[in-house]
Amino acid sequence: MLCSMARLRGAILMARVGTLLSLLRLLSASGGEVETRIRLQKEAYLLSLKYPDFFDNGDFEYHHYGPYSRFLSDNLQYAVSSGLIEEVNESPEDMSFTKYKYILTEFGNKSVEENPLDSENFYADVQKLQAHNWRTLELAATVKYLEAKENLDSVSAFEKALKLKPATASYANEAKNLLLSA
């Protein structure tokens, strides 16, 4: 019993370390910063489909803005509290909402340099995602989530995603193009 508990703790620790390093690599590939938590979650979800060793798409569940991972969020907060990532609060003067920006610190960047990644494709894919509006990512990630979790074909998933997220309708063409290039 004690041995299996130690293995479980070891597996949890390895999952956390893997996710932390993947977060740092995502920020590094994004030029050192990512604006908004939503963008970070959607990029991680879309990347999890191609790079399951970096982010586990099984950790994601449906949320108001599409796929969301509590595990990823917890790891992000751990990275902030550990000084690997800086969280910057960017609230407008009227305080109507809070927007967070995440910046890779020198300590975080050193961690990435000490753990080089063999996949140049990962960096190219992150940069491709960075070129899109966060609403495009929200719609594209929701479509892929619905395809996987509800076993829908791409057309049905896209229609359902637009019904769930009418605010993303003006990004539909861009989302379709992103999904076709993925």
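The protein has eight helices and five strands, here in a predicted model. Starting at the N terminus, the order of elements is α-β-α-β-β-α-β-β-α-α-α-α-α. Of the 182 residues in the protein, 41% are buried. Among contacts with a separation of 6 or more, 65% join residues 24 or more positions apart.

**Aromatic pairs**

- Across the whole structure, eight aromatic pairs are found.
- One of these is the pair of Tyr 51 and Phe 122, which is edge-to-face, with 5.3 Å centre to centre and 80 degrees between the planes.
- Tyr 51 sits in the loop between helix H2 (37–50) and strand E2 (60–63), while Phe 122 belongs to helix H5 (residues 120–130), so this pair ties together parts that lie 71 residues apart in sequence.
- Tyr 51 counts as buried because its relative accessibility is 11%, a value under the 20% limit.
- Phe 122 is also buried, because its relative accessible area is 1%.
- Phe 122 forms an aromatic pair with Tyr 123 as well; this pair is edge-to-face, at 5.8 Å centre to centre and with 85 degrees between the planes.
- Tyr 123 has a relative accessible area of 18% and is therefore buried.
- Elsewhere, Tyr 45, Phe 60, Tyr 62 and Tyr 145 are linked into a cluster by ring pairs.

**Charges over rings**

- Arg 37 places its charged end over the ring of Tyr 100, at 3.7 Å from the ring centre.
- Lys 176 lies over the face of Phe 158, and the distance to the ring centre is 5.1 Å.

- Gln 41 is located in helix H2.
- Gln 41 is buried because its relative accessibility is 7%.
- A polar atom of the Gln 41 side chain lies 2.8 Å from the backbone nitrogen of Ser 69.
- With neighbours within four places in sequence left aside, Gln 41 is in contact with Phe 60, Pro 67, Tyr 68, Ser 69, Leu 72 and Ser 73.
- Phe 60, one of these contacts of Gln 41, is also part of the aromatic cluster with Tyr 45, Tyr 62 and Tyr 145.
- Ser 73 is in helix H3, and its relative accessibility of 16% is why Ser 73 counts as buried.
- Apart from neighbours within four places in sequence, Ser 73 is in contact with Gln 41 and Tyr 68.

**Largest pocket**

- The largest pocket holds about 490 Å³ of space.
- The lining of this pocket has 22 residues, and those closest to the pocket centre are Thr 36, Arg 37, Ile 38, Arg 39 and Tyr 65.
- Arg 37, one of these five residues, is the residue whose charged end sits over the ring of Tyr 100.
- Strand E1 (33–35), H2 and helix H3 (70–81) each give at least two residues to the lining of the largest pocket.
- H2 supplies the largest share of that lining, with six residues.

**Cavity**

- The count of cavities of 30 Å³ or more comes to one.
- The largest cavity has about 50 Å³ of space.
- Its lining consists of Thr 19, Phe 54, Phe 55, Asp 56, Asp 59, Phe 60, Ser 69, Phe 71 and Leu 72.

**Tyr 171**

- Tyr 171 is in the loop between helix H7 (154–164) and helix H8 (172–181).
- Tyr 171 counts as partly exposed because its relative accessibility is 22%, and partly exposed covers the range between the 20% limit for buried and the 50% limit for exposed.
- Not counting residues up to four places away in sequence, Tyr 171 touches Asn 133, Arg 135, Thr 136 and Leu 139.
- One of these, Leu 139, is 32 residues from Tyr 171 along the chain, and the C-alpha atoms of the two are separated by 7.7 Å.

Conventions
Residues numbered from 1 in each chain as written. Predicted model: local features only at pLDDT ≥ 70, side-chain atom pairs only at ≥ 80, totals over all residues. Heavy atoms only, no water. Helix = DSSP H or I, 4+ residues; strand = E, 2+ residues; numbered from the N terminus. Buried < 20%, exposed > 50% of the residue type's maximum accessible area, 1.4 Å probe, protein only. Contact = heavy atoms within 4.5 Å. Phe/Tyr/Trp six-rings, centres within 6.5 Å; stacked < 30°, edge-to-face > 60°. Lys NZ or Arg CZ within 6 Å of the ring centre and 35° of its normal. Polar contact = N/O pair within 3.5 Å; in protein donor to acceptor, adjacent residues only side chain to side chain. 1 Å grid on protein atoms, 1.4 Å probe; cavity = no way out; pocket = protein on both sides within 12 Å on 5 of 7 lines; lining within 4 Å. Points joined across faces, edges and corners; volume = space filled by probe spheres on them.
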